[in-house]
Amino acid sequence: MPPTTPEAPRPFAEPVEVLAAIDGTLADPAIAPGIRRLLEQARQALVHAGEHAMAAQRRYQALFDAVPDPVSIIGWDGIVLDVNRAGLNAYRRSRSEIVGKPIHVLNPDLPRDHLGPVWEALSRGDTYVVDVTNMRADGTRFPVEVHSATFEQDGRKLIVAVARDLSGRRDAETRHRELMETIDKGILVRDATGQVIHANAAAMRLFGIEVGQPIEEMLSEAHWLVVDEHGHALSNDERPAARALRLGQQVESTVLGFYHRQDRRLLWLSVTAVPQFEPGTDRVQQVLSLFSDVTALKRDSALFDRAQALARIGGWEWDSGRNLLYLTGEALRISRCRCRATWHRGPARFPRARGRALPARRIGARHPRRAWHQPRSAGHAQ
């Protein structure tokens, strides 16, 4: 036989074409029985394989469309190959307006070399994350955080990009900043190292800090002496923000005195420290300290104590809801109740009230002018 030129290999036929060819061959009555059985088995296997492929395709499409965020399958050259239902709804476009088009149809502001850092990160096996602004069909823009990863399909590299809409988060951050700036309480935000990273307008006014001045320096011990209610100086580690950062627990309202060394002025502030944690961890990311000016209340309290001590007038108030009796320091002296500076749990007797002994459960004088007396039973006192 003379040599013949080999034909170029034909591309793979579609399963439908293969099934049609097998059916045509099986229709020939002259085909050998062995070949017929082999073709029938091949036809059955091909049908089953097609059914499995269709089921897998349906599962893929169901999972693809079940993701609530816009997901795009992008070729290595930047052409969009597929997009899920959430993406169609977010971009307000049909599939034909996106699939087969460059990624610029969704983000026209991307630079020409935007795929360079994406290829570099994905080639290292990393995930590429970037904040961009995507565009809807009507031209409106919305911020997104895009996470890109790579995978292979049919021997070629593809990119799967998940876009997280940040519109709600940005609105919440804006409202949070506006609230912090308009609230009448001073707010200081410290990072995990204890450094002040933000102070709202009320805190700036409270501590006398001008715009442009270094906040951390203006709040340092060189300018402020911090004391507790009894006048004892507190170190940085003893203050509410440091305790909340160290313990990971909220420190409730604590009254502290802030004495400005240069101006010689004393502020009494009620401080609450609230830790905020990193997502998914137990590590404190930052601490919010809220300050309320209680200088006037503290001054009035001190003046009341002084006036009461000078006037030697005793007073009491009955709280029927909690069944507690409030006695001033002079009332305790008049009633001859000997109370120490801490809670007094020993025996104490009161003069008769309305013809019977006034029973007591506990009497305290934590503050020189305050004591609490709670009845337990009539006829005796504890």
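Contact here means heavy atoms within 4.5 Å of each other. Axes are lines fitted to C-alpha atoms, for helices over the stretch in contact, and angles run from 0 to 180 degrees between N-to-C directions. Helices (H or I, at least four residues) and strands (E, at least two) are DSSP runs, numbered from the N terminus.

With that, take helix α2, residues 33-66. It lies across β1 (71-75) and β2, at about 80 degrees to β2.

A word on the source. This is a predicted model, where local features need pLDDT of at least 70, side-chain atom pairs count only at pLDDT 80 or more, and totals for chains, interfaces and linings use all residues. Residues are numbered from 1 along each chain as its sequence is written, and side-chain values use heavy atoms, with hydrogens and water left out.

Now the sheet with β1 and β2. Five strands form an open, antiparallel sheet, in the order β2-β1-β5-β4-β3. Two strands pair if DSSP finds at least two bridges between them. β2 (80-83) and β3 (128-135) are the edge strands, each pairing on one side only. From one strand to the next, the twist averages 30 degrees.

Look at β4 and β5. Strand β4, residues 141-153, is joined by 10 bridges to antiparallel β5, residues 156-165. Ser 148 stands opposite Ala 161 in β5. Helix α4 (115-123) packs on this sheet and touches β3, β4 and β5. Its direction makes about 145 degrees with that of β3.

Next sheet. Six strands, open, antiparallel pairing: the order is β7-β6-β11-β10-β9-β8. β7 (196-199) and β8 (224-227) stand at the edges with a single partner strand each, so one side of each has no neighbour in the sheet. Neighbouring strands are turned by 30 degrees against each other on average, direction ignored.

Inside that sheet, β6 (186-191) and β11 (284-293) run antiparallel, joined by six bridges. Which residue in β11 is the bridge partner of Gly 186? Phe 291. Helix α8, residues 240-247, packs on the sheet and touches β6, β9 (251-260), β10 (265-277) and β11. Its direction is at about 150 degrees to that of β11.

On to the rings. A pair of aromatic rings is described by the distance of the centres and the angle of the planes. Rings of Phe, Tyr and Trp (its six-membered ring) pair if their centres lie within 6.5 Å; planes under 30 degrees apart count as stacked, over 60 as edge-to-face, the rest as tilted.

The structure holds seven aromatic pairs. One of them is Phe 207 with Trp 224: edge-to-face, 5.6 Å centre to centre, 90 degrees between the planes. Phe 207 is in the loop between α6 and α7, Trp 224 in strand β8, 17 residues apart.

Buried or exposed? Buried means under 20% relative accessible area, exposed over 50%, partly exposed in between (1.4 Å probe, protein chains only). Phe 207 is buried at 4%. Trp 224 is buried at 2%.

Phe 207 also pairs edge-to-face with Phe 258, at 5.7 Å centre to centre and 70 degrees between the planes. Phe 258 sits in strand β9, 51 residues from Phe 207. Phe 207, Trp 224, Phe 258 and Phe 291 form one aromatic cluster.

The loop between α6 (201-206) and α7 (215-218) also holds Pro 214. Pro 214 is partly exposed, at 41% relative accessibility. Its C-alpha is 9.7 Å from that of Val 196, 18 residues away along the chain.

Last, charges over rings. The criterion is NZ of Lys or CZ of Arg within 6 Å of the ring centre and within 35 degrees of the ring normal. The charged end of Lys 157 sits over the ring of Trp 76, 5.5 Å from its centre. For Lys 298 over Trp 268, the distance is 4.7 Å.
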